[in-house]
Amino acid sequence: MNVPIKTPDEIEKMREAGRQAASVLEMIAPHVKAGANTGELDRLCHDYIVNELGSTPAPLNYHGYPKSICTSINHVVCHGIPDPAKKLKHGDIMNMDITVKTADGYHGDSSVMFIVGESILGERLCRVTQECLYHSIALVRPGVRLSTLAQAIQRHAEANGYSVVRDFCGHGIGATFHEEPQVLHYDGYAPEADIELAAGMCFTIEPMINVGSHKTKVLRDGWTAVTRDKSLSAQWEHTLLVTETGVEVLTRRGDEDLSFLER
Ligand code: MF3
Ligand code: CO
Ligand code: CO
């Protein structure tokens with residue numbers, strides 16, 4: 001396995017890509033509310049990425065994907081397709097996943113959960129899933145193995161009675177949307193895939209956590225992944241850079257508290 005190490009010039013371009021992806025999530029947040037339809041949210045993000053950022057929404061036409069963002073509601077695990085006929089309602093939870101490709105050709109990939117109105121079960125799931133992401137980010141530094149990150153995610157999810165999705169994983173990212181390494185979120189590595197992190201690597205961590213079983217299936221549209229048992233699923237994602245001393249969260253949002261990284 002040959003995991004790309006970014007040059008200082010590429011790292012600057014990744015920083016810009018990460019900032020752009022974060023800015024889309026900041027822009028769209030006030031529009032996510034009961035009654036909004038996901039087709040309109042897709043259009044708003046698409047227009048912002050193209051017209052305000054001068055960039056491209058990477059999902060559009062990616063292996064035939066039909067829209068510019070992913071909107072995954074309730075039991076949808078990931079890759080939910082925005083749809084003008086799909087209105088958000090009180091109590092829904094939704095993951096919105098944004099990937100921007102800058103004019104320089106570099107990718108920033110990030111997703112967050114939105115809770116529409118109120119959901120006690122949904123709030124707990126979303127909080128624990130974000131904690132899974134944060135616990136693993138806190139471990140990132142040169143010399144750490146990917147399996148150590150996966151174990152931290154799985155331990156925290158299962159300690160809270162949840163399961164970790166196995167059918168989708170995080171990934172290296174750069175001029176290519178998905179590159180080496182694969183970043184599993186559960187302890188299932190083949191030993192040869194269990195690489196040690198090194199400064200200059202860029203990758204995502206994007207745990208998908210289910211209230212019920214970890215099993216998923218893809219609907220007939222070829223994209224929408226759902227939990228087989230219809231249980232709720234949540235996901236959070238950041239694009240990361242491994243630094244000499246630890247980690248830089250390239251897709252950090254302005255209001256996001258990452259003080260847990262100060263150590
Ligand atoms: N953004 C997703 C990821 O985190 C990938 C979406 S690919 C698409 O890797 F085609 F479904 F948009
Ligand atoms: Co990703
Ligand atoms: Co993503």
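I take two strands as paired if DSSP finds at least two bridges between them. The model under study is predicted, and these notes record what I looked up in it.

**Entry 1**

I began with the strands β4 and β5. I found that β4 and β5 pair in the antiparallel sense over 9 bridges. One of the bridge partners I noted is isoleucine 115 in β5, which stands against isoleucine 93. I then asked how much of β5 is covered: 8 of its 9 residues are buried, so I recorded the strand as mostly covered.

**Entry 2. The annotated binding site**

I next consulted the UniProt record, an unreviewed entry, which places the feature "binding site" at Asp97, Asp109 and Glu237. These positions are spread over 141 residues of sequence, yet they cluster in space, with a largest C-alpha distance of 7.9 Å. I also checked the largest pocket, and its lining takes in Asp97, Asp109 and Glu237.

Aspartate 97 is found in strand β4, residues 93–101, and aspartate 109 is in strand β5, residues 107–115. Is aspartate 97 buried or exposed? I count aspartate 97 as buried, because its relative accessibility is 11% and the cut-off for burial is under 20%. By the same cut-off, aspartate 109 is buried, at 2% relative accessibility.

I listed the contacts of aspartate 97, leaving aside its neighbours within four places in sequence. Asp109 and Glu237, from the annotated set, are among them.

**Entry 3. A three-stranded sheet**

I then turned to an open sheet of 3 strands, whose order is β6-β10-β13 and whose pairing is antiparallel. Why does one side of β6 and of β13 lack a neighbour in the sheet? Both β6 (163–164) and β13 (233–235) stand at the edges and each has a single partner strand, so one side of each is left without a neighbour there. Strand β10, residues 208–210, pairs with β13 in the antiparallel sense over 3 bridges. In this pairing I noted asparagine 210, which stands opposite serine 233 in β13. Helix α3, residues 120–137, lies across β10 and β13. I recorded that α3 runs at about 40° to β13.

**Entry 4. Cysteines**

How many disulfides does the structure hold? I found 0 disulfides. For cysteine 78, the closest cysteine sulfur is that of cysteine 70, at 7.6 Å. The cut-off for a disulfide is 2.5 Å, so the sulfur atoms of cysteine 78 and cysteine 70 are too far apart for a bond. Cysteine 169 is likewise in no disulfide, and its nearest cysteine sulfur, that of cysteine 78, is 10 Å away.

Cysteine 78 counts as buried because its relative accessibility is 4%, whereas cysteine 169, at 24%, counts as partly exposed.

**Entry 5. The annotated domain**

Last, I looked up the domain record. In an unreviewed entry, UniProt lists residues 12–244 as "domain: Peptidase M24". I noted that the end C-alpha atoms of this span lie 16 Å apart. Residues 12–244 are 27% helix and 25% strand.

Technical notes
Residues are numbered from 1 along each chain as its sequence is written. Chains are lettered from A and ligands numbered from 1 in the order in which they are written. This is a predicted model: local features need pLDDT of at least 70, side-chain atom pairs count only at pLDDT 80 or more; totals for chains, interfaces and linings use all residues. Side-chain values use heavy atoms; hydrogens and water are left out. Buried means under 20% relative accessible area, exposed over 50%, partly exposed in between (1.4 Å probe, protein chains only). Helices (H or I, at least four residues) and strands (E, at least two) are DSSP runs, numbered from the N terminus. Contact means heavy atoms within 4.5 Å. Axes are lines fitted to C-alpha atoms, for helices over the stretch in contact, and angles run from 0 to 180 degrees between N-to-C directions. UniProt positions are given in the numbering used here, feature names are shortened, and annotations may be inferred rather than shown by experiment. On a 1 Å grid over the protein atoms alone, a cavity is a set of points where a 1.4 Å probe fits but cannot get out, and a pocket is an open set with protein on both sides within 12 Å along at least five of seven lines; lining residues have an atom within 4 Å of a point.
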